[in-house]
Amino acid sequence: MSSRDVVLGRVRRALADVPHGEGPDDPPVVRDYHRVHGSRTAAQDVDLLAENLADYRALVHRSTAGELPSLIRRLLAERGARTVLVPPGLDASWTAGAGVTLVGDRASSTPRELDAVDSVLTGCAVAIAETGTLVLDGGPDQGRRRITLVPDHHLCVVRVPDQVVGSVPEALPRLAPERPLTWISGPSATSDIELDRVEGVHGPRTLEVILLASSRAAD
Amino acid sequence: MSGTYLGMPDFPRAAAAATRDTRLRANLTHATHTIRDKRAKAVAELDDWAQLRAAGAAVKDRTLRHLDHYLEQLEAAVVAAGGQVHWAVDADEANRIVTRLVRETGEREVVKVKSMATQEIGLNEALAEAGIRAYETDLAELIVQLGDDLPSHLLVPAIHRNRSEIRDIFRREMGSWGRPAPEGLSDSPAELAEAARLHLREKFLSAKVGISGANFMVAETGTLVVVESEGNGRMCLTLPETLISVVGIEKVVPRWQDLEVFLQLLPRSSTAERMNPYTSTWTGTTDGDGPRTFHLVLLDNGRTDTLADTVGRQALRCIRCSACLNVCPVYERAGGHAYGSPYPGPIGAILTPQLRGIEGALEASLPYASSLCGACYEVCPVAIDIPEVLLHLRERVVEGGPVTRRGARTVLQPAKGHAAERAAMRAAAWAFDHPGVLRAGARLAARTRRLHPRRLPGPGRAWSATRELPAVPAESFRDWWQRTRGTSSERQGGAK
Ligand code: SF4
């Protein structure tokens, strides 16, 4: 008998108390918790996102489409970044005139090559206001998981309010489980030494978020 | 210590030693109180915590009641997404599977994400025997590994170490594992974290095999979820070519939507954050992104025996948040090592005896490693009634009864005159020699009234078999003990 059969057999014998008629969807789960906590307008969700991101030591900026390239140029210059990793589907206009060397992520790039890059610039899939979370799903403007992990500085552009949801329950239906997801809430951090919080252990030490207002909202 | 819990003394002896270690106690008290207060604030932010908690418990219970169905569904979904699924009946089999999988890659080194399941099975030691070196990459696990030590807390495994001890360990040991500690390393947490970053980055960038556990597995989609803070998890999950995840069969949840409950309950209960810095989810393999080969090893190792106990089954709901450790007066004084397993504190006191059986002296003493104050139940995000299970297990220790061992039903003999009862006796005596532990328990006694047994199982059985336990709080448990145990002639060695 295979170990699979042994384990499943043990499970079935262990559950002899479960009535025969009971199906896998029983007993029902009461979901009377909130879909979202409190009631906020879309603009208030964006404010809360900004607040919670900042609370976890991300640096938050706001921008319109017109201002975006100059903001990106300034933020990269302030960091002294000379090389910037970009996913294949990133809007080329964002980095126009940034005065940096763009490094395209290729399947063949090794972790060591990524380690030599100063910054990474991406979009995101969904951002969650209540928890201050960015979710990346590997879309064309976000790229492979490793590019937002190895460089020390991550600059992430969130389209507001379109990409912002209020809560975790509102985020999950907008995400595809078959894609690898990375949920990011502030920069890498540890509290393992006497519970003193230290930012930046293995992931990026600096997370900067640009809340990009849609042209509609900016008008 | 040599990286294994086997041969650990039973709880009272280990706890007695720990309580004499004033530095350990000071570290622990500071840490548990800090996390406890932060957690209360994080939980208070959500006015539907009670509903989330009930839903979390209900989802887990439903899954456990149909675990065979959900495991088969999970397996099919993982395979459809390009993963390979292996089943391990016990620790030895899981270790053999993982060792074989690593060997097949031709590699001699692996990087590891912190994982309770791999600690439970002693994977690092098994790999070492096969000539494969496993590098722990969580900062606290690195401290533990370099210090040739054992974890003492679910969430902060090196909670028993302070900064100067950590600096000394890094200076002394890093060189023999890879990149040495920087010259003149101080004991500031920022410098220590930086030293770990530099030390481990070499490993991450060259690793070909990663080993992880998982916090959740979604049956309908085949998705695995790892919740972490440092990014070492992301490194291990995405940079290597081969990923092997060893996960207990109880970690499955039915649907994608269920994550909305647990991703709210877990971070706030464990690190007291609205959300932990990083959460990774993956489903099988993805072309061009992450490992090309993914193996899932589903681990039983006593879980089906636990499942067979209709009272004790609820321990399998545990999401390893560690909230119960931080409120436990016994854990605070005894320290994590006294529990003799990777699962310390209140959850360890009910999980370890069920996973391993209660026949051993350590396992028999664990259900007594509690003041029954009920604080663990109050904070548990999946509402595990730990005091209820403790009482149930105490009864099993002294009265025997039906149990399942390795899948076979058997009847446990009462432990009368058996080593188990002596161990239990010593555990109780230990607790009563530490009045602070008992006061913390007695304070809440009235609220946990329904949890008090009519007849006292365990060490009290000899005294209580012929009398009803007095009602709480007409006479406190402590007073009752003082009155009924008479002089200290019953107490045995090791409890001082
Ligand atoms: S028993 Fe409950 S409180 Fe303790 S670690 Fe498990 S889930 Fe958390």
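Where does Asn124(B) sit? Here are my notes, with that one picked up in point 4.

1. Ground rules. This is a predicted model, where local features need pLDDT of at least 70 and side-chain atom pairs count only at pLDDT 80 or more, while totals for chains, interfaces and linings use all residues. Residues are numbered from 1 along each chain as its sequence is written, chains are lettered from A and ligands numbered from 1 in the order in which they are written, and side-chain values use heavy atoms, with hydrogens and water left out.

2. Chain B overall. I get 23 helices and 12 strands here; these are DSSP runs numbered from the N terminus, helices being H or I with at least four residues and strands E with at least two. Of its 496 residues, 68% count as buried (under 20% relative accessible area; exposed is over 50%, partly exposed in between, with a 1.4 Å probe and protein chains only). Among contacts (heavy atoms within 4.5 Å) with a separation of 6 or more in chain B, 75% come from residues 24 or more positions apart.

3. Cores. A nonpolar core means buried Ala, Val, Leu, Ile, Met, Phe, Trp, Tyr and Cys residues joined through side-chain atoms within 4.5 Å. The largest one has 80 residues, and Trp183(A), Phe11(B), Phe262(B) and Ile350(B) have the most contacts inside it. Helix H12 (residues 259–270) of chain B gives the most to this core, six residues. Apart from it lies another core of 69 residues, including Val11(A), Val117(A), Leu146(B) and Ala308(B).

4. Asn124(B). Back to the opening: this residue is in helix H7 (residues 123–129) of chain B. Asn124(B) is buried at 17% relative accessible area. Its side chain makes a polar contact of 3.0 Å with that of Lys112(B) (a pair of N or O atoms within 3.5 Å; within protein, one must be able to donate a hydrogen and the other to accept it, and residues adjacent in sequence count only if both atoms are side-chain atoms). Leaving aside neighbours within four places in sequence, Asn124(B) also touches Ala134(B), Glu136(B) and Gln145(B).

5. Ligand shell. There are 13 residues around the ligand, the closest being Cys318(B), Cys321(B), Ser322(B), Cys324(B) and Cys380(B); a residue is near a molecule if one of its heavy atoms lies within 4 Å of it. The shell divides into 11 nonpolar, one polar and one charged (Ala, Val, Leu, Ile, Met, Phe, Trp, Tyr, Cys and Pro count as nonpolar, Asp, Glu, Lys and Arg as charged, and the others, Gly among them, as polar).

6. His153(B). Look in the loop between helix H8 (139–146) and helix H9 (163–177) of chain B. His153(B) is buried, at 2% relative accessible area, and its side chain has a polar contact of 2.8 Å with that of Asn326(B). Its contacts beyond four places in sequence include Ser322(B), Tyr331(B) and Pro344(B).

7. Cis peptide bonds join Asp26(A) to Pro27(A), with omega about -15°, and Val160(A) to Pro161(A), with omega about 0°. Arg57(A), not a glycine, has a positive phi of about 65° and is partly exposed at 47% relative accessible area. Asn301(B) has phi near 50°, also positive without being glycine, but counts as buried at 17%.
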